[in-house]
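Welcome! Keep the structure open beside you as you read.

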Amino acid sequence: MTQTIVVMHGMRRGKQNQLLMEELDSVAQQIEGTFDVAFIESDELSLPQVIRKHLWEGETSFVIVPLLLFSGRHYLQDLPEVMRQMQLMFPSITYEIRQPLCDHPSLTKWINQRIEAWPDAHTPGSAIVLIGHGSPIVTEPDAEIDDIATRITTDLPVYTMMFYGDKQFEGLLPEIKEDYDQIYVIPIFFYDGFLVNKIKKKIEKIKGESNITIASALNFEPELDEMLIDRLNQKEAV
């Protein structure tokens, strides 16, 4: 039997991990089979700890479902390295790491809904800015957010920026803010946490007299459930 493990970023300590796990309860009711949960940043429920628990129970086949939006360092480097190390210690282990959520149609649907809910969605002189996490180490997230922009159904100009990396919004947003009467910023993050709040504070300083509105993040809306359910119900790779 194959054990599925949903891997989230999480926090080393505090209540955030428990809140995230509670948010997965509705997902658990809508999938075939069961899953366990591990955190990339955790002192208690790290991925190696969760895998060891299942090894002791006799499981050796694992499907890793990352609750990650983009192919950043955690997806491209950290998760493969953890699994490689576990396989070195326990050669009987087999595993599959599924894709992040950036290419899922429900993410595009959520962004389109955000845009349509904006009062200036059809006003001339408006523009959309998508902001993701980004990475100072890998460039794959930059290409992924650009791909998301091509799938959005709007006649407005769409710009893509990041918190980290070559597409940092602090450098790019000031270059375009005077070109439009109003700009709508959509943060592509799971929830309005630490980084989204930092983005809001920085934009408040950047905007000056410009009309810049910032949307809320996903905050575990139904589209996130749809994305995760699809990944969990996905057939195993042969």
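When residues are sorted by class, Ala, Val, Leu, Ile, Met, Phe, Trp, Tyr, Cys and Pro count as nonpolar, Asp, Glu, Lys and Arg as charged, and the others, Gly among them, as polar. By that sorting, the lining of the largest cavity holds 6 nonpolar, no polar and 2 charged residues. Please keep in mind that this is a predicted model.

**The cavity**

- A search of the whole structure turns up 1 cavity of 30 Å³ or more.
- The volume of the largest cavity is about 30 Å³.
- Which residues line the largest cavity? They are Glu23, Leu24, Val27, Leu67, Phe220, Leu224, Asp225 and Leu228.
- Helix α9, residues 222-233, gives the most to this lining, with 3 residues.

**The largest pocket**

- The pocket is lined by 31 residues, and the closest to its centre are His9, His74, His133, Phe189 and Leu195.
- Sorted by class, the pocket lining has 20 nonpolar, 9 polar and 2 charged residues.
- Helix α1 (16-23), helix α4, strand β5 and helix α8 each supply at least two residues of the pocket lining.

**The sheet with β1 to β4**

- Here 4 strands form an open sheet in the order β2-β1-β3-β4, and their pairing is parallel.
- Which strands stand at the edges? They are β2 (36-39) and β4 (94-97); each has a single partner strand, so one side of each is left without a neighbour in the sheet.
- From one strand to the next, the twist of this sheet averages 25°.
- Strand β1 (residues 2-8) runs parallel to β2, and 4 bridges join the two.
- Look for valine 6, which stands opposite valine 37 in β2.
- Helix α4 (residues 73-89) packs on this sheet and touches β1, β3 (61-66) and β4. The direction of α4 makes about 175° with that of β4.

**The sheet with β5 to β8**

- This open sheet also has 4 strands, in the order β6-β5-β7-β8, with parallel pairing.
- β6 (158-164) and β8 (212-214) are the edge strands; each has a single partner strand, so one side of each lacks a neighbour in the sheet.
- The twist averages 25° from one strand to the next in this sheet.
- Strand β5 (residues 126-134) pairs with strand β7 (residues 182-187) in the parallel sense, over 6 bridges.
- Serine 126 stands opposite glutamine 182 in β7.
- Helix α5 (residues 105-117) lies across β5 and β7, and runs at about 150° to β7.
- Helix α8 (residues 194-207) packs on the sheet too, touching β5, β6, β7 and β8. Its direction makes about 115° with that of β6.

**Aromatic pairs**

- How many aromatic pairs are counted? The count comes to 4.
- One of them joins tryptophan 118 and tyrosine 184, with 4.8 Å centre to centre and 10° between the planes. Planes under 30 degrees apart count as stacked, so this pair is stacked.
- The pair links distant parts of the chain, 66 residues apart: tryptophan 118 sits in the loop between α5 and β5, and tyrosine 184 sits in strand β7.

Terms used:
Residues are numbered from 1 along each chain as its sequence is written. This is a predicted model: local features need pLDDT of at least 70, side-chain atom pairs count only at pLDDT 80 or more; totals for chains, interfaces and linings use all residues. Side-chain values use heavy atoms; hydrogens and water are left out. On a 1 Å grid over the protein atoms alone, a cavity is a set of points where a 1.4 Å probe fits but cannot get out, and a pocket is an open set with protein on both sides within 12 Å along at least five of seven lines; lining residues have an atom within 4 Å of a point. Grid points are joined across faces, edges and corners, and a volume is the space filled by probe spheres set on the points. Two strands pair if DSSP finds at least two bridges between them. Axes are lines fitted to C-alpha atoms, for helices over the stretch in contact, and angles run from 0 to 180 degrees between N-to-C directions. Contact means heavy atoms within 4.5 Å. Rings of Phe, Tyr and Trp (its six-membered ring) pair if their centres lie within 6.5 Å; planes under 30 degrees apart count as stacked, over 60 as edge-to-face and the rest as tilted.
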